[in-house]
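Hi there,

Here is the structure I promised to pass on to you. Please have a look at it first, and then read my notes below.

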Amino acid sequence: GAGLAELGIRMKKQSQTALEIARFLEKNRGVKKVYYPLLPNHAGYFLAKKYFLEGAGAVVSVELEGKKGNTVAFAESLKIFKLAVNLGDIRSLIIPPAVTTHCGLSQEEMKLAGITDTLARLSCGLEDAEDLKEDLEQALRKIEK
């Protein structure tokens, strides 16, 4: 019933925000690579355009420039995005998998899983996209290049 409809509306909004955030991060200094299915440089872009009619979800992955500690410093500098080990909330969250969810893996296992020391996963919530961009920008300015 109404719960499913509300979830659909929420996911559409979060997907729109995620695409906006992904496009914003692509243009930002301090960002090495952005992963989101609806970006033209993504390996699954054409399939995503075909099958994701309402958006490609709320999660954007980003690889930062610089040294290993940058990802944690970046995550800790954010004010709206909260450090978490789960994704998919109505609030915006960030998780650096190399030091959290995947920290028990060997370097080889991390490499096979596509996890680098400078990777962060952002889960976009229902906050205003402009506020999220400002938060990301101020945190990117604080990390060492």
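**What I found**

Met11 has its place in helix α1 (residues 2-26); helices here are DSSP runs of H or I with at least four residues, strands are runs of E with at least two, and both are numbered from the N terminus. Before going on, please note that this is a predicted model, in which local features need pLDDT of at least 70 and side-chain atom pairs count only at pLDDT 80 or more, while totals for chains, interfaces and linings use all residues. Residues are numbered from 1 along each chain as its sequence is written, and side-chain values use heavy atoms, with hydrogens and water left out.

**Helix α1**

Met11 counts as partly exposed, at 30% relative accessibility. For the cut-offs, buried means under 20% relative accessible area, exposed means over 50%, and partly exposed is in between (1.4 Å probe, protein chains only). Together with Leu4 and Leu7, Met11 makes a nonpolar surface patch of about 270 Å². Patches are made of residues with over 30% relative accessible area and no salt bridge, where like charges are joined within 9 Å and nonpolar side chains (Val, Leu, Ile, Met, Phe, Trp, Tyr) within 5 Å. The accessible areas come from the Shrake-Rupley method with a 1.4 Å probe, and for residues only the protein chains shown count as cover.

Thr17 is also in helix α1, but this residue is buried, with a relative accessible area of 3%. Leaving out residues up to four places away in sequence, Thr17 touches Cys124, Gly125, Ala129 and Leu132, where contact means heavy atoms within 4.5 Å.

**The salt bridges**

You will find three salt bridges in the structure, each a side-chain nitrogen of Lys or Arg within 4 Å of a carboxyl oxygen of Asp or Glu. As background, side chains of opposite charge can pair when their charged atoms come close.

Glu20 is partly exposed at 31% relative accessibility, whereas Lys133 is buried at 14%. Helix α5 covers residues 129-142. The side chains of Lys133 and Glu20 also count as making a polar contact, at 3.0 Å; that term stands for a pair of N or O atoms within 3.5 Å, where within protein one must be able to donate a hydrogen and the other to accept it, and residues adjacent in sequence count only if both atoms are side-chain atoms. Apart from neighbours within four places in sequence, Lys133 is in contact with Glu20, Ile21 and Phe24.

Lys133 forms a salt bridge with Glu130 as well, with 2.9 Å between the closest N and O atoms. These two are three residues apart in helix α5, so about one helical turn separates them. Glu130 counts as partly exposed, at 42% relative accessibility. Through shared partners, the salt bridges join Glu20, Glu130 and Lys133 into one network.

Arg91 and Asp89 form a salt bridge too, their closest N and O atoms being 2.8 Å apart. Arg91 is partly exposed, at 47% relative accessibility.

**The sheet**

Five strands form an open sheet in the order β1-β2-β5-β4-β3, with mixed pairing. The edges are held by β1 (31-35) and β3 (82-83), each with a single partner strand, so one side of each is left without a neighbour in the sheet. Two strands pair if DSSP finds at least two bridges between them.

- β1 and β2 run antiparallel and are joined by four bridges; Val34 stands opposite Val62 in β2.
- β2 and β5 run antiparallel, with five bridges; the partner of Val60 in β5 is Leu122.
- β4 (residues 93-95) and β5 run antiparallel, with three bridges; Ile95 has Arg121 as its bridge partner in β5.

Strand β5 (residues 119-123) is largely enclosed by the rest of the structure, because four of its five residues are buried.

**A loop residue**

Ala56 is in the loop between α2 (45-51) and β2 (59-64), and it is buried, with a relative accessible area of 17%. Not counting residues up to four places away in sequence, Ala56 touches Ser15, Tyr36, Pro37 and Leu38. The C-alpha atoms of Ala56 and Leu19 are separated by 8.0 Å, with the two residues 37 apart along the chain.

Best wishes
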